[in-house]
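Have the model open and look up each residue as you go.

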Amino acid sequence: MSTEPPSTYRLASAVELTGPGMRLREWTDADLPALVDLFDEVETARWTPLASPFDAQAAREFLAKARLAKAEHRSIQLAVTVDGGAPCGVVMMFLGLDDRHDQAELAYAIGAAHRGRGLAAKSVRLMTDYAYQVVGVHAVGLRIPPDNAASIGVARTTGFVRTDAPTIVRDRRGSPLTLDMWLHRRLP
């Protein structure tokens, strides 16, 4: 089985998604300092595989990897903003959940100064709609640590349901991170 997504799942060269009080946009080089401000903090390090400490070099690597993955049609990583300006976080879509090209996986992180405003849920909704309507997948997944109450709340709020799939363990900077699968299926 090919690991490349079908050509019908190609990502647009420029993506910008808007919804009520929300704009998801491409990252720019000018965002590098904001990336450090957003992701060099304890909760981000606790729940994500992002580098910690997250410094200027980590920001440059993050942006370079995001651009390469998009160019290869493997994923898209968008800056979460309220008005298209300063980033408040990131939302990511990876094509090929569990090697199934009709599914995608989302991930997100919201900076500490921007939490509690519903930005994660709005971002997940926008990206889920994009995955269905533009990319053409039939299901979207979230992998969430069983003790991450905030992310479980986002999953429930946005219509994701925890599955009975076995938990998986991913590497988080040399230590294990256990994750449950939450799934959102496209309505017929």
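1. Start with Asp40. Its relative accessible area is 39%, so Asp40 counts as partly exposed. You'll find Asp40 in the loop between α1 and α2. Keep in mind that this is a predicted model.

2. What does Asp40 gather with on the surface? Together with Asp37, Asp55 and Glu61, Asp40 makes up a patch of negative charge there.

3. Now for the salt bridges: the structure has 9 of them. One joins Arg115 to Glu41, with 2.3 Å between the closest N and O atoms. Arg115 sits in the loop between β5 (100-110) and α4 (119-135), while Glu41 sits in the loop between α1 (32-39) and α2 (42-47), so this pair ties together parts that are 74 residues apart in sequence. Arg115 has 35% relative accessibility, so it counts as partly exposed.

4. Another salt bridge pairs the side chains of Arg23 and Glu16, at 3.5 Å from N to O. Arg23 is partly exposed too, since its relative accessibility is 30%.

5. Next, take a look at Arg143 and Glu105. They form a salt bridge whose closest N and O atoms are 3.5 Å apart. Arg143 belongs to strand β6 (residues 139-144) and Glu105 to strand β5, so the pair connects parts that are 38 residues apart in sequence.

6. Are these two partners buried or exposed? Arg143 is buried, because its relative accessible area is 13% and buried means under 20%. Glu105, with 10%, is buried as well.

7. On to the aromatic rings, where the count comes to 4 pairs. In one of them, the ring centres of Trp27 and Phe62 are 6.0 Å apart and the planes stand at 90°, so the pair is edge-to-face. Trp27 is in the loop between β2 (22-25) and α1, and Phe62 is in helix α3 (residues 56-71), so the contact ties together parts that are 35 residues apart in sequence. Trp27 is buried at 6% relative accessibility, and Phe62 is buried at 8%.

8. Phe39 and Phe54 also make an edge-to-face pair, with 5.6 Å from centre to centre and 85° between the planes. Here helix α1 supplies Phe39 and the loop between α2 and α3 supplies Phe54, so parts that are 15 residues apart in sequence are tied together. Phe39 and Phe54 are both buried.

9. Finally, view those four rings together: ring pairs link Trp27, Phe39, Phe54 and Phe62 into a cluster.

How values were computed: Residues numbered from 1 in each chain as written. Predicted model: local features only at pLDDT ≥ 70, side-chain atom pairs only at ≥ 80, totals over all residues. Heavy atoms only, no water. Salt bridge = Lys/Arg side-chain N within 4 Å of Asp/Glu carboxyl O. Buried < 20%, exposed > 50% of the residue type's maximum accessible area, 1.4 Å probe, protein only. Helix = DSSP H or I, 4+ residues; strand = E, 2+ residues; numbered from the N terminus. Patch = residues over 30% accessible without salt bridge, like charges linked within 9 Å, V, L, I, M, F, W, Y side chains within 5 Å. Areas by Shrake-Rupley, 256 points an atom, 1.4 Å probe, with all protein chains shown as cover. Lys, Arg positive; Asp, Glu negative; His and termini not counted. Charge placed at Lys NZ, Arg CZ, Asp CG, Glu CD. Phe/Tyr/Trp six-rings, centres within 6.5 Å; stacked < 30°, edge-to-face > 60°.
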